[in-house]
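Please write a short report on the fold shown here.

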Amino acid sequence: MDDERDLAVVELWLSYPYLKEHPWVVQAVTGFLSAYFMEHPGFRVQRHFDDLESGAHVWLCEVPAAMKVPSLLRRLQADVPPFHSRQSTDASGRARYVLGCPERT
């Protein structure tokens, strides 16, 4: 199917310090991503897990290649305590967005 080529996988990380201050945010982000799935065709969460080394929570999200992840993050900011996001790329070239406390990201 051609749609498969137009998808990208991005990582959404919640940092340990942010989670320590706001433990309920894991459930809020999970619910937000579930609702986002209902609104945006092509978006889905492939996997959610804890990164034992860093203490972070990670969601692997499949997104349409044209989708602007920063827009998703701006919408998320309305539902959770303030955070600072930092974008990077992992070893495989996958986009990674790390959300953390504004003063400690």
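## Strands, helices and cores

Arg 47 stands opposite Leu 60 in β3. The model is predicted.

| Strands | Sense | Bridges |
|---|---|---|
| β2 and β3 | antiparallel | 7 bridges |
| β1 and β3 | antiparallel | 8 bridges |
| β1 and β5 | parallel | 5 bridges |

Some partners can be named. Leu 14 has His 57 of β3 as its bridge partner. Ala 8 stands opposite Val 63, also in β3. Trp 13 faces another strand: its opposite residue is Val 98 in β5.

β2 and β3 form a hairpin with 4 residues between the strands. Gly 55 in this hairpin takes a positive phi near 85°.

How many of the residues of β3 are buried? The count is 8 of the 9, so β3 is largely enclosed by the rest of the structure.

How do α2 and α3 meet, and at roughly what angle do they cross? Their axes come within 11 Å and cross at roughly 125°. Angles over 145 degrees would count as roughly antiparallel, and 65 to 115 as roughly perpendicular. The two helices are therefore oblique to each other. Their crossing is right-handed. On the α2 side, the contact is made by Val 29, Phe 32, Leu 33, Tyr 36 and Glu 39. On the α3 side, it is made by Leu 72, Arg 75 and Leu 76.

**The cores**

In soluble globular proteins, nonpolar side chains tend to be buried together. Here the largest nonpolar core has 26 residues. Leu 12, Leu 14, Val 29, Leu 33, Phe 43, Trp 59 and Leu 72 touch the most other members. At least two residues each come from β1, α1, α2 (25-39), β3 (56-64), α3 (69-77) and β5 (95-100). α2 gives the most, with 6 residues.

Val 29 shows how such a member sits among its neighbours. Setting aside residues up to four places away in sequence, Val 29 touches Leu 12, Leu 14, Trp 59, Leu 76 and Val 80.

A second core is separate and has 5 residues. It includes Trp 13, Ala 56, Val 58 and Val 98.

**Two loop residues**

Ser 15 lies in the loop between β1 (7-14) and α1 (16-21). Is Ser 15 buried or exposed? The cut-off for buried is under 20% relative accessible area. Ser 15 has 14%, so it is buried. Leaving out residues up to four places away in sequence, Ser 15 touches Ala 56, Val 98, Leu 99, Gly 100 and Cys 101. Among these, Ala 56 and Val 98 belong to the second core.

Ala 66 is found in the loop between β3 and α3. A residue counts as exposed over 50%. Ala 66 has 68% relative accessibility, so it is exposed. Ala 66 and Asp 6 are 60 residues apart along the chain. Their C-alpha atoms are separated by 7.9 Å.

Key
Residues numbered from 1 in each chain as written. Predicted model: local features only at pLDDT ≥ 70, side-chain atom pairs only at ≥ 80, totals over all residues. Heavy atoms only, no water. Buried < 20%, exposed > 50% of the residue type's maximum accessible area, 1.4 Å probe, protein only. Contact = heavy atoms within 4.5 Å. Core = buried A, V, L, I, M, F, W, Y, C linked by side-chain atoms within 4.5 Å. Pairing = 2+ DSSP bridges. Axes fitted to C-alpha atoms, helices over the stretch in contact; angles between N-to-C directions. Parallel < 35°, antiparallel > 145°, perpendicular 65-115°, else oblique. Left-handed = near helix turned anticlockwise from the far one by under 90°.
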